[in-house]
Amino acid sequence: MAALLGSYSPNDVIVVVNGVPLDGFAADTFVNVAYNSDAATMVEGADGSPAIAFKRGMRGGMVTFTCLQTSLANNYLNSLLQAQKFSGTAAATLNVTVRNAQGGELHVMPRGVFQKEPEAGFGAEIGSREWVIIGQLNSTVMLQHQVCR
């Protein structure tokens with residue numbers, strides 16, 4: 001029996017910042033989660049035998065999302081950015097969650113900060129704003145069970 005065909009819908013991807021779900025994303029890649037370092041590194045000894053070092057738990061990373069310039073999410077994110085600039089302390093950290101409900105992926109950044117203000121370009125067409133949040137990142141993929149008969 002053939003495996004079931006997987007599916008994906010961008011509507012199943014939910015981005016939440018400080019408890020507020022965001023919307024108004026740009027087309028194409030509207031959210032990207034990336035780690036700053038590898039999950040494991042390997043060194044080979046003189047005789048070719050390997051030694052592997054694993055990095056467990058949260059590691060540094062970034063969450064980048066792109067909103068249409070007309071999205072109200074920009075107003076919300078800009079207010080959080082202004083609070084970060086005014087405070088200048090850890091009191092202005094962000095809790096970011098990216099969840100793909102269909103694929104079972106969950107990415108959590110419990111204490112992030114804006115890396116910089118988004119660039120603001122203007123043209124004849126509707127543009128976008130790219131927001132980058134950096135901090136400690138933890139990702140989980142929940143395996144979906146497949147039943148075969």
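Reader: Which residue in E7 does Ile14 stand opposite?

Author: Helices (H or I, at least four residues) and strands (E, at least two) are DSSP runs, numbered from the N terminus. E1 and E7 form an antiparallel pair over 5 bridges, where a pair needs at least two bridges found by DSSP. In E7, the residue opposite Ile14 is Arg99.

Reader: What kind of model is this?

Author: Residues are numbered from 1 along each chain as its sequence is written, and side-chain values use heavy atoms, with hydrogens and water left out. Local features need pLDDT of at least 70, side-chain atom pairs count only at pLDDT 80 or more, and totals for chains, interfaces and linings use all residues, since this is a predicted model.

Reader: In what order do the elements of the chain run?

Author: The chain has 1 helix and 9 strands. Read from the N terminus on, the order is β-β-β-β-β-β-α-β-β-β.

Reader: Which residues make up the uncovered face of E7?

Author: In a regular strand the side chains alternate between the two faces of the sheet. In E7, the covered face consists of Leu94, Val96, Val98 and Asn100. The uncovered face consists of Asn95, Thr97 and Arg99.

Reader: E7 and E8 form a hairpin; what is the phi of Gly104 in the turn?

Author: E7 and E8 pair in the antiparallel sense, over 6 bridges. The hairpin has 4 residues between its strands, and Gly104 in the turn has a positive phi of about 80°.

Reader: How far is Ser37 from Arg59 in space, C-alpha to C-alpha?

Author: Ser37 sits in the loop between strand E3 (31-35) and strand E4 (40-44), and its relative accessible area of 27% makes it partly exposed. Beyond neighbours within four places in sequence, Ser37 is in contact with Lys55, Arg59 and Gly60. Ser37 and Arg59 are 22 residues apart in sequence, and their C-alpha distance is 7.4 Å.

Reader: Where do Glu117 and Lys85 lie, and how many residues apart in sequence are the parts that they tie together?

Author: A salt bridge is a side-chain nitrogen of Lys or Arg within 4 Å of a carboxyl oxygen of Asp or Glu, and the whole structure has 1. Glu117 and Lys85 form a salt bridge at 3.0 Å, N to O. Both residues are partly exposed, Glu117 at 41% relative accessibility and Lys85 at 47%. Glu117 is in the loop between E8 and E9 and Lys85 is in helix H1, so the parts tied together are apart in sequence by 32 residues.

Reader: Is Phe54 buried or exposed?

Author: Phe54 lies in strand E5 (residues 50-54). Phe54 has 54% relative accessibility, and therefore counts as exposed.

Reader: What is the phi of Asp28?

Author: Most residues other than glycine have a negative phi, and most peptide bonds are trans. Asn18, in the loop between E1 and strand E2 (20-21), has a positive phi of about 50° although it is not a glycine. Asp28, in the loop between E2 and E3, is exposed at 73% relative accessibility. The phi of Asp28 is also positive, near 65°.

Note on methods:
Buried means under 20% relative accessible area, exposed over 50%, partly exposed in between (1.4 Å probe, protein chains only). Contact means heavy atoms within 4.5 Å.
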